[in-house]
Amino acid sequence: MTNTVVVCNGCCCGRVEKGHSEVPVDLLKDAWHKYGLEDDVKLTISDCLGPCSMHNVSLLKTSHGHTWLGKLSENEHFEALIEWALSASSDGDSAELPELLEVHRFVHDESNS
Ligand code: FES
């Protein structure tokens, strides 16, 4: 299974008109291109993933399962996602979550979304 980073840019996440932080889509796409990550780690910019109250939401998918991340309000959070993708590209599923993102993990019951 290809490791995947799913970044929500839906009805709530990234909606500055609702007072939420912008999702730096270009920053992410440029980094994927610059580091040639496409072959090893898929980047998906997604519509609503379900847990809107945790805006901004991202989801990491590996063969070990899903890691939900919420309250990503700063560019440095998204830079940490890039950092994770770089490690996943070289270390595969054993890539560790950057420390900055550890506190952003949350549990989401996917059977309801
Ligand atoms: S808009 Fe991102 S979880 Fe709903």
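Here are some friendly notes on this predicted model, point by point.

1. Some ground rules come before the details. Residue numbers start from 1 in each chain and follow the sequence as written. Because the model is predicted, local features need pLDDT of at least 70 and side-chain atom pairs count only at pLDDT 80 or more, while totals for chains, interfaces and linings use all residues. Helices (H or I, at least four residues) and strands (E, at least two) are DSSP runs, numbered from the N terminus.

2. Let's begin with the sheet. It is open, has 5 strands in the order E2-E1-E3-E4-E5, and its pairing is mixed. Two strands pair if DSSP finds at least two bridges between them. The edges are E2 and strand E5 (105-106), each of which pairs on one side only.

3. The parallel part of the sheet is worth a look. Strand E1 (residues 3-8) runs parallel to E2, and 6 bridges join them. Val7 has Ile45 in E2 as its bridge partner.

4. Then come the antiparallel pairs. E1 and E3 are joined by 4 bridges in the antiparallel sense, with Thr4 opposite Lys61 in E3. E3 and E4 are also antiparallel, over 5 bridges. A hairpin through 2 residues links E3 to E4, and Thr62 stands opposite Gly65 in E4. E4 and E5 pair in the antiparallel sense over 2 bridges; here Leu69 stands opposite Arg105 in E5.

5. How do H1 and H2 lie against each other? Their axes come within 10 Å and cross at roughly 25 degrees. Axes are lines fitted to C-alpha atoms, for helices over the stretch in contact, with angles from 0 to 180 degrees between N-to-C directions. H1 and H2 are therefore roughly parallel, as angles under 35 degrees count as roughly parallel, over 145 as roughly antiparallel, 65 to 115 as roughly perpendicular and the rest as oblique. The crossing of H1 and H2 is right-handed (the near helix is turned clockwise from the far one by less than a right angle). Leu27, Leu28 and Ala31 in H1 meet Asn75, Phe78 and Ile82 in H2, where contact means C-beta atoms, placed from the backbone, within 7 Å.

6. Two backbone details deserve a check by eye. The His55 to Asn56 peptide bond is cis, with omega near -5 degrees, and Asn56 belongs to the loop between strand E2 (41-46) and strand E3 (58-62). Lys71 has a positive phi, near 60 degrees, although the residue is not glycine. Lys71 is in the loop between strand E4 (65-69) and helix H2 (75-91). Lys71 counts as partly exposed because 15 C-beta neighbours lie inside 10 Å (20 or more other C-beta atoms within 10 Å means buried, 12 or fewer exposed, in between partly exposed, with C-beta atoms placed from the backbone).

7. Finally, a word on Glu22, in the loop between E1 and H1. With 13 C-beta neighbours inside 10 Å, Glu22 counts as partly exposed. Leaving aside residues up to four places away in sequence, Glu22 touches Gly14 and Val16. Glu22 and Gly36 are 14 residues apart in sequence and 24 Å apart in space, C-alpha to C-alpha.

Methods
Two residues are in contact if their C-beta atoms, placed from the backbone, lie within 7 Å.
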